[in-house]
Amino acid sequence: MRAWVASAAHPGTIESVVLPVPVPEDHELLVRVAVCGVCRTDLHVRDGDLPAHRERVVPGHETVGEVVAAGRAAAGPAIGARVGIPWLRRTCGECGYCLRGQENLCPSSLYTGWDADGGYAEYATVPAAYAYELPEGYTEEELAPLLCAGIIGHRALRRAELPPGGRLGVYGFGASAHLTAQVALAQGATVHVFTRSPAAQELALSLGAASATDPYAPPPQPLDAAILFAPAGDLVPVALQALAGGGTLSIAGIHLTDIPTLDYQRHLFRERTLRSVTANTRDDGRALFAVASEQHLRVTVTVYGFDEADRALDGLSAGRVNGVAVLRVRR
């Protein structure tokens with residue numbers, strides 16, 4: 001099968017290769033990949049921002065395809081089902097975190113496209129218990145971003161504890177942000193977007209944002225909650241200072257540049273809260289897909305051919321992708 005691999009020995013590049021079609025283990029499914037979203041985490045894997053967990057790993061964890069084979073003990077989606085392969089690949093199910101519903105914090109957790117080969121390939125495997133059956137009414141290209149950008153954004157919105165009818169600030173407006181903003185708007189929130197990209201500002205306003213301006217500009221009104229999607233630590237004090245008393249800033253990314261020194265009075269006093277988001281639980285995914293089934297999300301995608309995976313990552317790195325880049329793997 002055709003595939004792309006990222007190597008810790010050559011950060012900043014991915015290589016087109018031919019690999020054997022993987023064989024599913026007992027509890028796994030084999031999926032013929034149709035499309036795979038291009039996530040900023042893939043960029044962090046390629047560029048070495050995240051420590052290598054596997055040499056020459058196949059990136060990609062927003063994978064949509066068809067189940068074509070199953071291990072002898074696999075239970076769940078049947079042969080022929082359309083499924084999604086997400087970021088969270090496996091947890092132990094036995095530690096304190098898993099037992100209390102926080103499997104995203106499991107110290108033994110494994111991740112697709114980092115610990116195991118992902119969807120930048122014509123075939124991929126997934127533990128059956130971690131695959132998602134996907135809602136109708138969306139194209140394959142539209143579904144792919146929901147598997148990470150959608151799920152992580154939904155968890156970040158929950159972590160931000162936006163009050164009903166509240167004012168939400170969204171810092172950065174790429175794949176995850178443009179989906180999360182729609183969920184918040186449907187819940188009755190007023191959304192203010194902060195991004196440098198004129199195209200992203202235009203997209204935000206077209207989706208119903210009340211304003212869209214530079215990330216370092218003050219908001220038109222104090223924010224009840226904020227989510228930082230951009231991997232820029234210097235925006236943390238900016239977003240905290242924009243919060244009203246009791247507000248929460250949720251940081252959605254897996255990687256963040258260094259945070260400048262915070263001033264207690266300006267950034268944290270009046271019970272403002274700073275929270276991180278670490279991966280997701282399967283319940284987060286099920287909740288997001290329930291929302292997507294009830295409320296049709298407008299998923300803005302830029303489709304690349306499978307042989308353009310390196311160009312798609314370069315475009316994401318340079319800020320040239322509006323919405324979400326998606327690889328069309330199956331011809």
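1. Helices are DSSP runs of H or I with at least four residues, numbered from the N terminus, and the expected span of a helix is 1.5 Å times one less than its number of residues. Helix α3 (residues 140-160) has 21 residues and reaches 30 Å from its first C-alpha to its last, close to the 30 Å expected.

2. This is a predicted model, in which local features need pLDDT of at least 70 and side-chain atom pairs count only at pLDDT 80 or more, while totals for chains, interfaces and linings use all residues. Residues are numbered from 1 along each chain as its sequence is written, and side-chain values use heavy atoms, with hydrogens and water left out.

3. At Leu146, α3 bends by about 45 degrees, the bend being the angle between axes fitted to the seven residues ending there and the seven starting there. Just after α3, Glu161 takes a positive phi of about 50 degrees.

4. Of the 21 residues of α3, 18 are buried, meaning under 20% relative accessible area with a 1.4 Å probe and protein chains only.

5. Helix α8 (residues 282-294) packs against α3 at an angle of about 100 degrees, with the axes 9 Å apart; α3 is therefore roughly perpendicular to α8, a term for angles of 65 to 115 degrees. Among the residues that meet here are Leu146 and Arg158 in α3, and Asp284 and Phe289 in α8, where contact means heavy atoms within 4.5 Å.

6. Thr41, in helix α1 (residues 40-47), counts as buried because its relative accessibility is 9%. Leaving aside residues up to four places away in sequence, Thr41 touches Leu50, His61, Trp87 and Ile254.

Key. Helices (H or I, at least four residues) and strands (E, at least two) are DSSP runs, numbered from the N terminus. Buried means under 20% relative accessible area, exposed over 50%, partly exposed in between (1.4 Å probe, protein chains only). Axes are lines fitted to C-alpha atoms, for helices over the stretch in contact, and angles run from 0 to 180 degrees between N-to-C directions. Angles under 35 degrees count as roughly parallel, over 145 as roughly antiparallel, 65 to 115 as roughly perpendicular and the rest as oblique.
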